[in-house]
Amino acid sequence: MQAPYLLFLGDVTDITDAKTAAGIKQWRGELCGGQLRLPGGTVDLGLPDLTLAQAAERGIKTMVIGIANDGGFIAEHWITSIVGALEAGLDVASGLHERLGDVPAIAAAARRTGRELIEVRQPENIFKPGSGRKRSGKRLLTVGTDCAVGKKYTALAIEKELRKRGVNADFRATGQTGIFISGRGVAIDSVVADFISGAAEWLSPENTPDHWDVVEGQGSLFHPSYAGVTLGLVHGTQPDAMVVCHDARRSTLMGDYNFPIPNFHTCIDTYVAAARLTNPRARVVGISLNTSHLKDDREARQLLEKTAQETSLPCCDPIRFGVGEIVDNLLRQS
């Protein structure tokens, strides 16, 4: 995928719906040349607002669909912009479930212009069921009390901190945004259910004894819609360590689900029990807490300290304060 990128934000009004674009901007901001918003869109990533003509003039190479909507579909009113990007000389990349090439107008425009449609959510590999056999190397998996609680950001922050300390570590992406950020990975929710654990084994293969694969988690064991993909990832990753991620604003699952989020002790025990099927030494080494709803750093630190006392684990907000204490504990127990 050629940079620089134009991040397509459509007409979304909630940053959660633009988490793909936000993640790329957060972690690969140097590759982002601008944003394209449709009328009514209020999400602003602080990038220049560009028309397609302006983007082409500035040397933008790829328009990235930065939206992660419920169902992963291409909205009808986006098609004009996508076709326009191709006609302006840009490639178009998407991590949605619906393929760009399955939309007749988009496919025809790509053929007509000779531009590329990049589908990062479509696995190119053929996976097998997981074997459960122990592999060399070490693995950390971020897991969640719910969906969209910071598993990707936590994994990226941990990889960055490990590398800062001279530890051999690699971030392993399991979702479209992570793949856009790292340039590699597998969209685990596009893998046939029987092969999810095998895909996770492929993603984090044998390595040197001192190497850490930091694997991006997906879904949650406590979410009725997405627990299946989470369990396959837990078994296939065979994590030596896990970090439980939580959005401190939530007491129930996000969206139209009237399910309470269990307490931390239940979450920790459930994840450890699931992980020990394939790694009897699996353990939780920290809590990652999203405290963005708190404007005052003092309040945020108080909440982190309270959670640390409640769980007897280091608790960090990776964006606000970093993950140093979690990495301290990880390396101490390695």
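Student: How many cavities of 30 Å³ or more does a search of the whole structure find?

Tutor: Here is the general idea: rolling a probe the size of a water molecule over the atoms shows where empty space is left. This is a predicted model, and searching the whole of it turns up 1 cavity of 30 Å³ or more. The space in the largest cavity comes to about 40 Å³.

Student: Which residues line the largest cavity?

Tutor: Follow the chain and you will meet Leu141, Thr142, Val143 and Gly144, then Lys151, then Gly217, Gln218 and Gly219, and finally Thr230, Leu233 and Val234.

Student: Which elements each supply at least two residues of that lining?

Tutor: Look at β6 (138-144) and α8 (227-237). The largest share belongs to β6, with 4 residues.

Student: How do the residues of this lining divide into nonpolar, polar and charged?

Tutor: There are 4 nonpolar, 6 polar and 1 charged.

Student: Now for pockets. What is the volume of the second largest pocket?

Tutor: A pocket is an open set of points, whereas a probe in a cavity cannot get out. The second largest pocket has a volume of about 410 Å³.

Student: Which residues lie nearest its centre?

Tutor: Of the 17 lining residues, those are Glu119, Val120, Glu124, Ile179 and Gly185. Two or more lining residues come from β5 (117-119), and likewise from α6 (176-182). The lining of this second largest pocket comprises 10 nonpolar, 4 polar and 3 charged residues.

How values were computed. Residues numbered from 1 in each chain as written. Predicted model: local features only at pLDDT ≥ 70, side-chain atom pairs only at ≥ 80, totals over all residues. Heavy atoms only, no water. 1 Å grid on protein atoms, 1.4 Å probe; cavity = no way out; pocket = protein on both sides within 12 Å on 5 of 7 lines; lining within 4 Å. Points joined across faces, edges and corners; volume = space filled by probe spheres on them. Nonpolar A, V, L, I, M, F, W, Y, C, P; charged D, E, K, R; others polar.
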